[in-house]
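This briefing concerns a single protein chain, shown below as sequence and structure.

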Amino acid sequence: MRYGIEQEIKSNNLSLGLTDVEGSGVEITLKDNSEVTAESLSTLDSIEYYLVHAMDIRSLINELKNAGAEAISINEQRIISTSAVTCEGNVIKINGEKIGSPFTIQAIGSPELLYGLARPGGYIELLNDTGVIVEINKSNSIEIPKYNGIMSFKYARVFK
């Protein structure tokens with residue numbers, strides 16, 4: 001009976017993102033386009049198009065989840081159900097940590113399905129077209145660290 005409980009705890013910790021994981025998948029790098037300056041822009045253009053925004057990262061996280069990613073990290077920050085990706089001036093805050101460009105997104109899942117995010121008309125193509133620098137590569141060896149923040153619930157409680 002004890003073996004069953006230990007396996008259930010390990011399985012739950014895996015699902016919650018509380019354990020280090022490894023596997024195959026993709027690595028996506030997003031970079032602000034540093035070659036563009038205010039002086040090189042036309043009057044109809046905006047520097048905003050050439051920068052990575054929190055919305056871009058949130059959109060890619062959603063696309064990765066929809067494509068079957070089992071674990072995701074951004075610059076070593078594990079993405080879990082309560083992770084927040086917010087704009088904090090010229091940096092992005094993930095799990096309370098300030099992170100600047102470049103952003104390395106690692107996702108474990110089927111490399112073929114996850115790499116499919118680079119499809120024509122997809123969000124990665126949109127980012128490339130607007131000026132953000134995006135690279136995506138399949139990998140057989142991705143290591144994603146466990147979530148190391150604090151999980152606290154203010155309103156939720158166990159139903160009796």
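**Strand pairing and architecture**

In strand β3, Arg-78 is the bridge partner of Ser-73. This pair belongs to a predicted model, in which the chain has four helices and eight strands. Their order along the sequence is α-β-α-β-β-β-β-β-β-α-α-β.

**Overall figures**

- Of the chain's 160 residues, 35% count as buried.
- Among contacts with a separation of 6 or more, 75% join residues 24 or more positions apart.

**Strand β2 and its partners**

- Strand β2 spans residues 71-74 and is covered on both faces. Ala-71 and Ser-73 are buried on one side, while Ile-72 and Ile-74 are buried on the other.
- Strand β7 (residues 103-108) pairs with β2 in the antiparallel sense over four bridges. Within β7, Ile-105 stands opposite Ile-74.
- Strand β3 (residues 77-78) also pairs with β2 in the antiparallel sense, over two bridges.
- Two residues lie between the strands in the hairpin of β2 and β3, where Asn-75 takes a positive phi near 45°.

**Helix α4**

- Helix α4 covers residues 123-130, and its residues Tyr-123, Ile-124 and Leu-127 are buried. These three lie on the same side of α4 because they cover an arc of only 105° around the axis.
- The buried residues of α4 pack against β1 (21-31), α2 (54-66) and β8 (133-144).

**Nonpolar cores**

- The largest nonpolar core has 29 residues, of which Ile-28, Leu-30, Ile-57 and Leu-64 touch the most other members.
- Two or more residues of this core come from each of β1, α2, β2, β5 (91-94), β7, α4 and β8. Helix α2 gives the largest share, five residues.
- Apart from its neighbours within four places in sequence, Ile-57 is in contact with Leu-30, Val-52, Ile-74, Val-85, Ile-92 and Phe-103.
- There is also a second, separate core of five residues, including Val-21, Ala-71, Ile-108 and Ile-144.
- In soluble globular proteins, nonpolar side chains tend to be buried together.

Conventions:
Residues are numbered from 1 along each chain as its sequence is written. This is a predicted model: local features need pLDDT of at least 70, side-chain atom pairs count only at pLDDT 80 or more; totals for chains, interfaces and linings use all residues. Side-chain values use heavy atoms; hydrogens and water are left out. Buried means under 20% relative accessible area, exposed over 50%, partly exposed in between (1.4 Å probe, protein chains only). Contact means heavy atoms within 4.5 Å. The arc is that of the directions from the helix axis to the C-beta atoms. Two strands pair if DSSP finds at least two bridges between them. A nonpolar core is a set of buried Ala, Val, Leu, Ile, Met, Phe, Trp, Tyr and Cys residues joined through side-chain atoms within 4.5 Å.
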